[in-house]
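Let us walk through this structure one piece at a time. Keep the model open as you read.

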Amino acid sequence: MLKEYFTLDENLLELYADWSNRDGFFRQTCGDFVGIRMLNQDLTENIFSFLCSSNNNIARISGMIDKMCKEYGTLICTLDSDGNLVGDCEKGRSNRTGAKNGLKTAANGLDKGHAKSCPAVTKFFAFPSIDALARPAVEAKLRQLGFGYRAKFIQKSAEYIIQGGGESWLERLGGKSYEEAREELQRLPGIGAKVLESTLLE
């Protein structure tokens, strides 16, 4: 899964040469950032993560995604500070067929059942399904969690995708040309120029 996610089958030197030919700024700076890759990110995770990025910084975006996964994702497992499993490990899967399990960490906390033996634990959650994010109550809950105006965009975008066929909408989007996909994505609430182009890089 990690090999596919990080596109490790791609020739990085060839990609660097191609990107350098296309972008002068990348050509000047690529030597300072060895190992840059394009992620083969799940489309659902890609769209809704970038919806969180509007007028935001990386630390806050990461925190918002963690909160969203903790609230609406499936618990995959809990690890202690040494990386050992704590309690039962669940195979967290989103309801989407063939979706990758995006591992998102919730904030470190204290597990009452293991407080003495494992004072510091980290819970890992799968990225939420579109169905989970489309529920009407999601907007209000995300606002409580500090998402601000982005809460409405997330819920309404999920609702739009569900109305368009859910998984089939995503599959059709993945098969479209750049221009067609751009036109379709613009119909999602909260998709501005930055979020649009960032999503299309996926």
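Begin where two helices touch. On the α4 side, the contact is made by N46, I47, F50 and L51; on the α11 side, by V195, S198 and T199. Sorted by class, this contact of α4 with α11 holds 4 nonpolar and 3 polar residues, and no charged ones. Bear in mind throughout that this is a predicted model.

Now the geometry. Two packed helices are described by the angle between their axes and by the distance between those axes. Helix α4 covers residues 43–51, and helix α11 covers residues 193–200. Their axes come within 9 Å and cross at roughly 155°. Angles over 145 degrees count as roughly antiparallel, so α4 is roughly antiparallel to α11. The crossing of these two helices is right-handed.

Stay with α11 and look at its buried side. Which residues of α11 are buried? They are V195, L196, S198, T199 and L200. These buried residues pack against two helices, α4 and α10.

Turn to that second partner. Helix α10 spans residues 178–185. The axes of α10 and α11 lie 10 Å apart, and the helices pack at an angle of about 135°. That makes α10 oblique to α11. Here too the crossing is described: α10 passes α11 in a right-handed sense. From α10, the contact draws on Y178, A181, R182 and L185. From α11, it draws on L196, E197, T199 and L200. By class, the contact of α10 with α11 counts 5 nonpolar, 1 polar and 2 charged residues. T199 is listed in the contact with α4, and T199 is listed in the contact with α10.

Between α10 and α11 runs a loop, and P189 is found in it. Is P189 buried or partly exposed? Its relative accessible area is 28%, so P189 counts as partly exposed. Leave aside its neighbours within four places in sequence, and P189 is in contact with L51, F153, K156 and S157. One of these, L51, is also among the α4 residues that meet α11. P189 can also be placed relative to A158. The two are 31 residues apart in sequence, yet their C-alpha atoms are 9.4 Å apart in space.

Next, the cysteines. How many disulfides does a search of the whole structure find? The count is 0. Take C69 as a case. The closest cysteine sulfur to that of C69 is in C52, at 9.1 Å. A disulfide needs two cysteine sulfur atoms within 2.5 Å, so the sulfur of C69 is too far from that of C52 for a bond. As for accessibility, C69 has 0% relative accessibility and counts as buried. C30 is at 15%. Buried means under 20% relative accessible area, so C30 counts as buried as well.

Finally, step back to the whole chain. Its secondary structure comes to 11 helices and 3 strands. Read along the sequence, the pattern is α-α-α-α-α-β-β-β-α-α-α-α-α-α. The chain has 202 residues, and 40% of them count as buried. Consider the contacts with a separation of 6 or more: residues 24 or more positions apart account for 61% of them. The contact of α4 (residues 43–51) with α11 (residues 193–200) joins stretches from separate parts of that chain.

Definitions and conventions: Residues are numbered from 1 along each chain as its sequence is written. This is a predicted model: local features need pLDDT of at least 70, side-chain atom pairs count only at pLDDT 80 or more; totals for chains, interfaces and linings use all residues. Side-chain values use heavy atoms; hydrogens and water are left out. Buried means under 20% relative accessible area, exposed over 50%, partly exposed in between (1.4 Å probe, protein chains only). Axes are lines fitted to C-alpha atoms, for helices over the stretch in contact, and angles run from 0 to 180 degrees between N-to-C directions. Helices (H or I, at least four residues) and strands (E, at least two) are DSSP runs, numbered from the N terminus. Angles under 35 degrees count as roughly parallel, over 145 as roughly antiparallel, 65 to 115 as roughly perpendicular and the rest as oblique. A crossing is left-handed if the near helix is turned anticlockwise from the far one by less than a right angle, and right-handed if clockwise. Contact means heavy atoms within 4.5 Å. Ala, Val, Leu, Ile, Met, Phe, Trp, Tyr, Cys and Pro count as nonpolar, Asp, Glu, Lys and Arg as charged, and the others, Gly among them, as polar.
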